[in-house]
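Visitor: I'd like to go through a structure and ask where each label comes from. Could you show it to me?

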Amino acid sequence: MSKGRVIVITSGKGGVGKTTTTANLGMALAALGEKVALLDADIGLRNLDLVLGLENRIVYDIVDVVEERCKLRQALIKDKRQPNLVLLPAAQTRDKSAVTPDQMRKVLADLQEDGFGYILIDCPAGIEQGFKNATAGATEAIIVTNPEVSSVRDADRIVGLLEAEEIPKKPTLIVNRLRPKMVKKDEMMSVEDVQEILSIKLMGIVPDDETIITSTNRGEPASLSESSRAGQAYRNIARRIRGEQVPFMDLEENDGFFSGIFKKLFAAG
Amino acid sequence: MEISVKGWRNGVLLVVPPEESWSAVVDQLEGKLKEAQDFWKGAQTTLDVGDRPLEAADLEALVGKLKEGYGLVPTAVVATTPETRTLADKLGLEAMEKLPVPERSERKVLVESAPEPAPEPKGPVSNALYLKQTVRSGQRIEHPGHLVICGDVNAGAEIVAQGDIMVFGTLRGVAHAGSSGDETARIVATNLRPTQLRIASRIARSPDEGTPPLSKFPEVALIENGEIHISPL
């Protein structure tokens, strides 16, 4: 049986979209027929369950598994919409010292035995224990960054750290929260500016999108929505992860001729 | 002798021969410029007439032709005769007596001295460390010899060598050459855009006002008269 892919979603900087990316990619991969497990490695500050809308179904978490108060299967939560997707939540009442890298590797080995094609690990911000836990046992890494100097700087640090770890494949990049209008006016870094510093393979570009805010609040990942542009970007990235060649979206926010007219007509009324 | 058209540090240099008639010079010049007409557009041009006396009308006509006909940007005239220099001045061009010798500090650097005294120089090892990789933010490379990096040094990275440092790539981080006190050490990069440069116990950073000019060519930093100077390689 071929081993599932264990991909850690990391960034260094906090708040750039790791959890959002993990949830949306997981959902999109599951929708394509893959058996997906999502693992929240942000112990003490868990968010992945919120973004998926599964928080009130949590009975056991990863610390319970590691401290052997329950079996792994008991802690896995099936997604309420998508049968191919499960979540292994983090603990909220403990912190990152509650788990060691070796324990993480054991959990991942058990998950792979259960036949999951993809295991996505939501890495916490930082480079300390949480990062070390999340990257232990990962075979691939996706780095999420915003087109903005601080997050690119932190991402570069992470690339250096990942190169030193035993992760066999080179990390790939998702540029998240791009605003093409600002890039055009030279007010925001472009993807090329980011690549000039990071020089890692680009896996996807996700535009800044208000639907992310609403989808997070509702616990409904945007990749489920047909009208969300960020959701569409995540669906494309999921296909690319599976090896498909998918052209990058045209991110120019064109309001379109008719929608512009309608806005003016109805604004007057 | 023919007029020569060459490139130099400050753009295009036109050296006018002393003997030929002015109309012949202009014809030669047109011939040369026509060979690659669009190539010259926007190039800052210096006209070196040596000790040749010039008529005001001739100079004005030439300057006009360079501008309108070829898109050059005449900026300076080099002439040993003061009358010619006055003419140039009247046309709004910089007048110089001779070609400037390459200055060592092409770019402004602010220099601060290190807080602690320079340590006793320990003999560096004779082998250089050659790294074919990009040094990422947060990484620190230290070597008791010369350090050669084939790749970028990203901002937030530190490279420290007791000898010289050479970066075949973009140097954006902090580089410290001659770290054990050798003030003859130098730092070379094909694209020098550092956060800070340190040689022995001297520190230099690029000025706060404005972004440093994009270095279009390799540059070397070394200590001269007690200060770090950067100049084209």
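Predicted model: local features only at pLDDT ≥ 70, side-chain atom pairs only at ≥ 80, totals over all residues.

Visitor: What makes up the secondary structure of chain A?

Guide: Chain A has 12 helices and eight strands. Chain B comes to three helices and 17 strands.

Visitor: Why is chain A called as compact as a globular protein of its length?

Guide: The radius of gyration, taken over C-alpha atoms, is set against the globule rule, 2.2 Å times the number of residues to the power 0.38. Chain A has 19 Å, close to the 18 Å that the rule gives for 269 residues, so chain A is as compact as a globular protein of that length. Its C-alpha atoms fill a box of roughly 65 × 40 × 35 Å along the principal axes.

Visitor: Why is S228(A) called buried?

Guide: Count C-beta atoms, placed from the backbone: 20 or more others within 10 Å means buried, 12 or fewer means exposed, and in between is partly exposed. S228(A) has 23 such neighbours inside 10 Å, so S228(A) counts as buried. It is found in the loop between α10 (211-218) and α11 of chain A.

Visitor: And what makes S190(A) partly exposed?

Guide: S190(A) has 16 other C-beta atoms within 10 Å, so it lands in the partly exposed class. It's in the loop between α8 (180-184) and α9 of chain A.

Visitor: Is E68(A) buried or exposed?

Guide: E68(A) has 7 C-beta neighbours inside 10 Å, so it counts as exposed. E68(A) is found in the loop between α3 (62-66) and α4 (72-75) of chain A, and has a positive phi of about 60° although it is not a glycine. S199(A) has a positive phi too, of about 50°, and is not a glycine. With 15 C-beta neighbours inside 10 Å, S199(A) counts as partly exposed.

Visitor: Which residues is S228(A) in contact with?

Guide: A contact means that the C-beta atoms, placed from the backbone, lie within 7 Å. Leaving aside neighbours within four places in sequence, S228(A) is in contact with D209(A), T211(A), S215(A) and A222(A). S228(A) and D209(A) are 19 residues apart in sequence and 7.6 Å apart in space, but that distance runs C-alpha to C-alpha.

Visitor: How do you know which residues belong to a nonpolar core, and which touch the most other members of the largest one?

Guide: A nonpolar core is a set of buried Ala, Val, Leu, Ile, Met, Phe, Trp, Tyr and Cys residues joined through C-beta atoms within 7 Å. The largest has 78 residues, and I7(A), I62(A), I119(A), L120(A) and I121(A) touch the most other members. A second, separate core of 28 residues includes A157(B), A161(B), I187(B) and L192(B).

Visitor: How do α1(A) and α11(A) pack?

Guide: Helix α1 (residues 18-31) and helix α11 (residues 229-241) of chain A pack at about 65°, with their axes 8 Å apart. Axes are lines fitted to C-alpha atoms, for helices over the stretch in contact, and angles run from 0 to 180 degrees between N-to-C directions.

Visitor: What handedness does that crossing of α1(A) and α11(A) have?

Guide: The crossing of α1(A) and α11(A) is right-handed. That word applies if the near helix is turned clockwise from the far one by less than a right angle, and left-handed if anticlockwise.

Visitor: How many residues does each chain bring to the contact between chain A and chain B?

Guide: Seven residues come from chain A and eight residues from chain B. On the chain A side, helix α7 (residues 149-164) gives the largest share, five residues.

Definitions and conventions
Residues numbered from 1 in each chain as written. Chains lettered and ligands numbered in written order. Contact = placed C-beta atoms within 7 Å. Helix = DSSP H or I, 4+ residues; strand = E, 2+ residues; numbered from the N terminus.
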